[in-house]
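Biologist: I have a model open and want to learn how to read it. Could you take me through the features in turn?

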Amino acid sequence: MKKNVISTCCVMFSAVTLCAAVPQLKGSAEAAGSMGLTVRTPTGSQMVQALTPKAQQWRFRRGGENWTETHYDVREIWLGHERGAEWKDRRGNRLVLAKPTAFCPALDKEHAKKEDIVAAMDESAEAFKEPTDETLARWAGEFSGKDLGSSALAPDDVSPLASVRLVDLGSDSRCAALFKVASGSWYYVQFDLAQAVKPKERETLLRQFLKSVGVDKTKPAGGGIVMEGRWMTVDVPGYRFKTDLSRSQGLAFIKNAGRLMEAMQAAYRRYVPPQKDLGVSTVRVFATREGYNEYMKGATGESGDRSIGLWSPSHEELLILDMGNSARNETLKTMRHEAFHQYLFYATGNGRHATWFNEGHACFFENISYDAKKNSVRIWDDPKDRRPAAVARDPERYARLVKEILFLSHEEFYEGTLQEVNDRYAAAWAVVYFLEKGAPSFKEFSGYSGVLPAYLAAVKDGKSAQEATRIAWEGVAQRNFVGDFVKFWNKRNAARRYEP
Ligand SMILES: [Zn+2]
């Protein structure tokens, strides 16, 4: 008897598994991001956010001239450009929607400058105005990673679409189609299924999807806000915020944060003059710890189970975990710190700075007083903050620590106990505070005024972090730094109000 029950269970179980192998589509259509379409997506699926493409810093040296260039993976940039929206369910079924606009550039190298990649894509754009089957087949082959000839396309009719080509990807777990809508634009849909599925079922799935395609008539939300699934994009001068905070909870906060960051960027510029155009900086604010950790794992390969903010130079995104209504000041403080790392990367086109300079400034910008009317900030040292409090207790110890940390590598700076790392942060903050506030405020310390500019000039010249640090401090090598620092710290109140 017992045996029977178990075997019945097994049968039922496998029956359920079989049925679930083909994803079912949701009852109603949803907006496909900013593609201007509405489509039915797999039940239980959620829209997946595309990662910002990885950037690489390349250093060049020719005839005594040094410069840095940011290079990207050619295929990654092209895929990101063509891909419109993507959904995934928990079982791993994936739906990708794309719009064919150009072939993947055939450059002689895998990595190139973004403008070179875009220029190469523009060259083939003409062929996509009224694409032939050859053009579409070649594009679908490039997008799916499978070499396809036009014989892989089978014309088909699915109302209400103007034209349809079913695409044979030669796989049991993938199916795709190209379709033209009434406006004349071509689109591409691809299902990557978690398991192999019979050809008939794949075709049914595709047809159901194609039948569901409609025009997205919802008006843009306005005010620079665009919705993509649960993600909201808010543009402010200099920054693009993306957040999955709900509109009711998050919009006011994001707008305030955007205004503050505009003021912060002005302060970053005052203290650390940019050497390059900044462009738009992306800040992604997560509503939940799970969302933050999951995204971080995808972006950096590391799980961010303890951190609350991170600047990811390879994806050029600032990732911030919102600490909730009661701790928004903490969230903004983290944002000001991490956004400096982002700023320095763009402002110098260089991701390899001396840690004392980079972390010291990031900490320096954490504490501000904010004038909402003028939308401007002053940088100051909050005496309640643990760093000023620690340095004030024993300035001499921190002065000696400054000398120890100047030449530490990135890894050396962050290793050791939490206390040791915190001490290094405090020392980096203190030396930057001394150089940014003390040197211009008191005549006796004006000798130090050249340190930060010399560092930045050396970096611009293509010098390494260590070399730039050596050059920066060379000019004050004869001075008694420990003595000067202690003297400054004991009367630093007079320097607090200084702003460049
Ligand atoms: Zn930092």
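Modeller: Start with confidence. This is a predicted model. The chain averages a pLDDT of 86, and 94% of the residues score at least 70.

Biologist: Over which residues does pLDDT stay under 50?

Modeller: First the general idea. Where pLDDT is low, the predicted coordinates should not be read in detail. Here the stretch is residues 1-20. For residues 1-20 the model has zero contacts beyond four places in sequence.

Biologist: Now the overall picture. How many helices and strands does the secondary structure come to?

Modeller: The chain has 16 helices and 21 strands. Its C-alpha atoms fill a box of roughly 85 × 70 × 50 Å, taken along the principal axes. Of the 500 residues, 36% are buried. Take the contacts between residues at least 6 apart in sequence: 61% of them join residues at least 24 apart.

Biologist: How do I read a sheet?

Modeller: Strands of a sheet pair through backbone hydrogen bonds, either parallel or antiparallel.

Biologist: What do the individual pairings look like?

Modeller: Take β7 and β12. Strand β7 (residues 94-98) runs antiparallel to strand β12 (residues 186-192), and five bridges join them. Now go to the β9 end. Four bridges join β9 (residues 153-156) to β10 (residues 163-167), again antiparallel. There D156 stands opposite V164 in β10.

Biologist: How many residues does the hairpin from β9 to β10 run through?

Modeller: Six residues connect the two strands in that hairpin. P160 sits in this loop between β9 and β10. Check its peptide bond. The bond joining S159 and P160 is cis, with omega about 10°.

Biologist: What is the order of the three-strand sheet?

Modeller: That open sheet runs β1-β2-β13, with antiparallel pairing. Its edge strands are β1 (30-31) and β13 (214-215), each pairing on one side only. Strand β2 (residues 37-39) is joined to β13 by two bridges, and the two run antiparallel. L37 has V215 as its bridge partner in β13.

Biologist: Next, single residues. Is A177 buried or exposed?

Modeller: Count the C-beta neighbours. The cut-off for buried is 20 or more within 10 Å. A177 has 24 inside 10 Å, so A177 counts as buried. This residue lies in strand β11 (residues 174-180).

Biologist: Which residues does A177 contact, leaving aside neighbours within four places in sequence?

Modeller: A177 is in contact with V164, R165, L166, V167, V189, L206 and L210. For a distance reading, take A177 and A21. They are 156 residues apart in sequence and 20 Å apart in space, C-alpha to C-alpha.

Biologist: Where does N375 lie?

Modeller: N375 is in the loop between β20 (368-371) and β21 (376-379). Look at its backbone. Phi is positive, about 50°, although N375 is not a glycine. With 12 C-beta neighbours inside 10 Å, N375 counts as exposed.

Biologist: Last, helix packing. At what angle do α11 and α13 pack?

Modeller: Read the angle and the axis separation together. Helix α11 (residues 395-405) and helix α13 (residues 418-441) pack at about 95°, with their axes 9 Å apart. That makes α11 roughly perpendicular to α13. On the α11 side, Y398, L401, V402 and I405 make the contact. On the α13 side, the residues are D423, R424, A426, A427, A428, A430 and V431.

Biologist: How many residues of each class are in that contact?

Modeller: Nine are nonpolar, none is polar and two are charged.

Terms used: Residues numbered from 1 in each chain as written. Predicted model: local features only at pLDDT ≥ 70, side-chain atom pairs only at ≥ 80, totals over all residues. Axes fitted to C-alpha atoms, helices over the stretch in contact; angles between N-to-C directions. Parallel < 35°, antiparallel > 145°, perpendicular 65-115°, else oblique. Contact = placed C-beta atoms within 7 Å. Nonpolar A, V, L, I, M, F, W, Y, C, P; charged D, E, K, R; others polar. pLDDT = per-residue confidence, 0-100. Pairing = 2+ DSSP bridges.
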